[in-house]
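Please read the report below alongside the sequence and the three-dimensional view.

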Amino acid sequence: MAIKKTAATNGNGITLNDSRTKLGELDASKLIFTECKTLKAVPPPEQLKFGNVKTDYMLVTEYTPQAGWSAPEIKPYGPLSLDPACSCFQYCPNVFEGMKAYRGPDGKPRLFRPEKNMERLARSAERVALPGFDTDALLILIRCLVALESRWIPDIPGYSMYIRPTIIGTRPALGVAASDQNALLYVIMCPTGPYFRDATKRISLLAVGEHVRAWPGGTGGHKLGLNYAPGFLVQKAALEKGYDQVLWLLPGLEGEANGEGDRVTEAGAMNFFVVVRRSDSSDDVDVFTPPLDGTILPGVTRSSCLALLAAHNSGRFPLPGVSRERKTHPHESVITIGDLIRWAKEGRLVEAFGVGTAVAVAPIGKIGLGGLDVGEERRDELLFPDIEGLGMGQIARGLYDAITSIQTGRVAYDKWSVAC
């Protein structure tokens with residue numbers, strides 16, 4: 001039975017947008033709900049594998065030249081029906097976001113800085129000429145969906161419900177042209193545990209410069225499906241060489257020896273951070289991450305880590321387990337392989353870690369140098385000793401504990417955690 005929502009709330013205490021929008025805009029007040037005949041059983045948390053189990057419902061709205069965005073519908077999860085000539089299959093105008101819902105101490109589901117995801121989704125859609133949408137309206141609809149499906153959020157530390165808003169171009173014709181008048185926006189969700197089974201597992205990276213993830217002036221700064229497929233073969237090769245992920249490089253200046261001028265960009269699908277002890281006698285550290293130069297995805301977790309490092313220094317929000325006297329100076333600056341080698345030789349390379357929605361913070365144990373074509377017997381490696389025996393270094397652990405505490409609403413900080 002289809003139920004058209006006309007009340008001011010969705011039944012979960014979330015106020016819908018009652019303002020009259022002009023024809024074609026995404027309007028949360030027009031939400032339609034189609035109920036599942038039967039609900040699926042929620043599997044035990046230990047059986048959850050990232051992205052495999054889907055919840056009962058999905059959110060769908062379609063953009064057409066005749067009507068703009070249709071009335072959004074929350075309906076049973078199921079296949080999509082698309083014309084084989086759709087632009088999404090032929091020319092890849094496909095964008096998506098990665099978000100999570102967490103269960104708070106009060107039992108209510110919570111989102112982490114969701115407005116940042118909406119802003120990035122809108123920028124990504126614009127980059128590939130997909131129709132624009134009201135980000136506030138979409139966030140209201142996502143909160144409705146999360147509240148409806150809250151039983152799927154595991155009540156276990158480190159577990160959450162992954163949310164995947166997606167927009168695809170559906171222009172039903174061949175020909176190299178934008179799908180700016182035909183699109184489908186949908187949101188699906190998956191309960192999930194840690195991306196890596198052991199959240200403190202120290203992953204290994206293979207530094208690769210002969211293949212690039214993104215390039216200046218390209219699309220690396222946007223969350224597009226087309227950014228990911230070219231990396232699959234390289235990732236497979238890294239796995240075959242015994243590494244967990246790829247450390248993506250950009251070639252450096254001509255004449256630089258041994259590729260030491262190659263610039264570090266991202267670690268797999270994560271933003272990369274490195275911790276370097278200062279050259280003075282203090283215990284202070286510099287924490288570097290590559291700048292947003294168009295090749296780096298502006299991650300929500302990345303910006304949160306930078307803000308928390310600065311907040312620790314000011315005393316506004318001390319990082320758990322990190323002395324208030326120990327300063328953690330954040331920097332957005334170019335990092336080269338030569339920098340990493342030099343810091344290691346000087347004994348100042350303390351930690352490295354990747355950050356992202358799926359992993360939060362993932363400690364790095366080693367980085368293999370030389371690329372794909374170097375035999376294992378000739379490969380040099382940068383090692384990050386597990387000095388404290390905790391998997392994560394002190395800075396990575398402090399950031400992980402701070403972010404996960406804020407995400408679940410156990411600690412309040414700058415309204416980053418939003419209840420549904």
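Asp 286 is buried, with a relative accessible area of 11%, where buried means under 20% relative accessible area, exposed means over 50%, and partly exposed lies in between (1.4 Å probe, protein chains only). Its side chain meets that of Arg 278 in a salt bridge, with 2.9 Å from N to O, a salt bridge being a side-chain nitrogen of Lys or Arg within 4 Å of a carboxyl oxygen of Asp or Glu. Arg 278, for its part, is partly exposed at 26%.

This is a predicted model, in which local features need pLDDT of at least 70 and side-chain atom pairs count only at pLDDT 80 or more, while totals for chains, interfaces and linings use all residues. Residues are numbered from 1 along each chain as its sequence is written, and side-chain values use heavy atoms, with hydrogens and water left out.

The structure holds 13 salt bridges, and the table sets out some of them.

| Arg 151 | Asp 56 | 2.8 Å |

Helices (H or I, at least four residues) and strands (E, at least two) are DSSP runs, numbered from the N terminus. Arg 151 is partly exposed at 38% relative accessibility, whereas Asp 56 is buried at 4%. Arg 342 and Asp 339, by contrast, both lie in helix 6 (residues 337–345), 3 residues apart, which is about one turn of the helix; Arg 342 is partly exposed at 36% and Asp 339 is buried at 17%.

Which residue does the UniProt annotation "modified residue: N6-(pyridoxal phosphate)lysine" cover? According to that unreviewed entry, the residue is Lys 223; UniProt positions are given in the numbering used here, feature names are shortened, and annotations may be inferred rather than shown by experiment. Lys 223 is found in the loop between strand 11 (203–208) and helix 4 (232–240), and it is buried, with a relative accessible area of 11%. Leaving aside neighbours within four places in sequence, Lys 223 is in contact (heavy atoms within 4.5 Å) with residues including Glu 97, Arg 120, Tyr 228 and Leu 297.

Thr 289 lies in strand 15 (residues 285–289) and is buried at 1% relative accessibility. Beyond its neighbours within four places in sequence, Thr 289 has contacts that include Arg 302 and Leu 306, both of which are listed among the buried residues of helix 5. The 15 residues of helix 5 (residues 300–314) should span 21 Å at 1.5 Å a residue, and its end C-alpha atoms are 21 Å apart, which agrees; the expected span is 1.5 Å times one less than the number of residues. Helix 5 is followed by Gly 315, whose phi is positive, near 85 degrees.

Taken as a whole, the protein chain has 7 helices and 20 strands, and buried residues make up 52% of its 420 residues. Among contacts in the chain with a separation of 6 or more, 71% are between residues 24 or more positions apart.
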